[in-house]
Amino acid sequence: MNIKKKAIESTNWMSTFNLLGKAKVNDFTFKINEKSQKSDWIYNTMNIGIDCGEKYGTVFCEMMGGYGENRNNVIYAHGKEEDGKDDFSTPIIVDWDDRNNEIILKTIGDLSFITVGLEKNEKGKIFYKKFLSPYDAIAYIKECLSDDTVVNIRGNLKYSIYDGKTQVHKNITSIVLSKIDDESKFVSKFTQSILIDKDSANLKNIDKDKGVMYVDGKVLDYLKEFNGVTLINTKGEAKGGQFPFDKQFEYKFPDLSNAEQCKKIMDKLFKVKKGITQITFEGNFVEGGATVKATLDDIPDDIKDLIECGVYTEEEALARCSTNGKREQRMIIHTPVTKLVGDDENKVPVLQIFKERYSEDEIVLDYLYSSADNIEDFEEIYTPDDDDEESNDDDDLDWLDKL
């Protein structure tokens with residue numbers, strides 16, 4: 001079954017991440033020259049945890065790449081302008097065997113490469129290498145990266161559907177050594193554009209223990225095929241395009257007990273009167289169950305007795321009583337992004353909030369599901385009820401007063 005769905009044009013869209021912390025390398029971090037059981041695909045993978053400190057936990061990111069033994073393998077890249085800036089309008093197709101050809105590499109824009117800086121030269125300065133293929137980058141990283149090395153990682157967030165749920169992938173585009181050794185300065189952040197409608201955020205959908213409001217948004221990413229359903233672009237070609245994925249975020253209020261402030265924030269950031277609003281947020285990942293540090297008050301009396309007897313030192317007892325929280329994969333948004341707009345002398349910061357960026361009809365997820373027999377079934381399942389009333393702002397404010 002082919003569902004003809006108009007591809008979405010994305011504008012001012014951002015979906016990036018930055019991690020800074022200790023690399024956690026073990027026997028399962030790398031897979032080298034794995035052979036697919038279903039095809040001739042040979043691949044390398046890296047799935048690495050970055051310990052971003054007590055506050056954020058260990059956040060995982062990844063890289064994967066390979067080639068087909070019996071295929072005409074190519075790498076898609078883009079050129080660069082005379083001043084060195086990336087020229088995305090000039091596509092370059094590189095044969096697999098030419099991926100290390102210096103003459104060809106000099107013509108390619110910098111953002112086509114994966115940057116790795118895990119070695120130092122004789123003067124102690126970081127030595128950078130660039131790779132067109134993740135396959136080569138992973139093999140090199142495996143030889144250079146050791147456990148507990150502090151690294152700075154950047155990359156792009158990618159989304160997919162698995163078992164009916166949206167999965168978030170942190171695809172690495174650069175990994176370099178860092179001089180920072182102070183855990184309080186470790187980083188676990190992302191910048192993500194989000195689509196919201198009138199039902200995405202409600203002050204009644206709050207987790208008081210975490211101090212957050214759940215935001216049911218959507219994100220855009222490239223999709224060509226799902227569950228055997230081929231997606232058609234605006235020209236009727238089966239090439240796919242940008243499509244929306246459901247994704248829940250958590251919004252962290254500055255002060256959840258301040259009802260008036262929360263109401264003003266809702267009106268400014270999350271109130272949607274018509275259509276779909278696009279807004280870009282900065283946020284933080286919290287993953288892996290951040291460690292909960294025990295205090296002396298948390299230590300049971302029998303263990304305190306052992307401290308007095310000298311069986312445990314106070315530090316040992318505190319470490320033993322500290323716990324790891326349950327497995328979490330949270331994306332907590334907090335600050336809307338601004339962009340400087342105007343000429344060099346008159347630039348002004350502009351919030352990256354775009355009202356009515358899309359209509360509700362454009363943002364429909366029916367093409368992601370193949371359980372229904374036809375389009376009519378999809379529409380019956382996923383079309384919002386026109387009779388649904390908007391949330392009452394005064395009721396929301398009253399509810400906050402009771403916190």
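Good morning. I begin with a charged residue and a ring: Arg-99 lies over the face of Trp-96, 4.0 Å from the ring centre. The model I am presenting is a predicted one. A further arrangement of this kind involves Arg-357, which sits over the face of Phe-354 at 4.3 Å from the ring centre.

I turn now to the aromatic residues. A pair of aromatic rings is described by the distance of the centres and the angle of the planes. In this structure there are nine aromatic pairs. One aromatic cluster is formed by Tyr-251, Phe-253, Phe-270 and Phe-281.

Several of these names return when we consider the interior. In soluble globular proteins, nonpolar side chains tend to be buried together. Here the largest nonpolar core has 66 residues. Which of its members touch the most others? They are Met-213, Tyr-251, Phe-253 and Phe-270.

Let us follow Phe-270 in detail. Setting aside neighbours within four places in sequence, Phe-270 is in contact with Ile-196, Ala-201, Met-213, Val-215, Tyr-251, Ile-265 and Phe-281. There is also a second, separate core of ten residues, with Ile-75, Val-94, Phe-113 and Tyr-135 among them.

Finally, I consider Phe-28. Where is Phe-28 placed? Phe-28 belongs to the loop that runs between strand S2 (15-24) and strand S3 (30-35). Is Phe-28 buried or exposed? The relative accessible area of Phe-28 is 71%, and the cut-off for an exposed residue is over 50%, so Phe-28 counts as exposed.

Thank you for your attention.

Methods: Residues are numbered from 1 along each chain as its sequence is written. This is a predicted model: local features need pLDDT of at least 70, side-chain atom pairs count only at pLDDT 80 or more; totals for chains, interfaces and linings use all residues. Side-chain values use heavy atoms; hydrogens and water are left out. Helices (H or I, at least four residues) and strands (E, at least two) are DSSP runs, numbered from the N terminus. Buried means under 20% relative accessible area, exposed over 50%, partly exposed in between (1.4 Å probe, protein chains only). Rings of Phe, Tyr and Trp (its six-membered ring) pair if their centres lie within 6.5 Å; planes under 30 degrees apart count as stacked, over 60 as edge-to-face and the rest as tilted. A charge sits over a ring if NZ of Lys or CZ of Arg is within 6 Å of the ring centre and within 35 degrees of the ring normal. A nonpolar core is a set of buried Ala, Val, Leu, Ile, Met, Phe, Trp, Tyr and Cys residues joined through side-chain atoms within 4.5 Å. Contact means heavy atoms within 4.5 Å.
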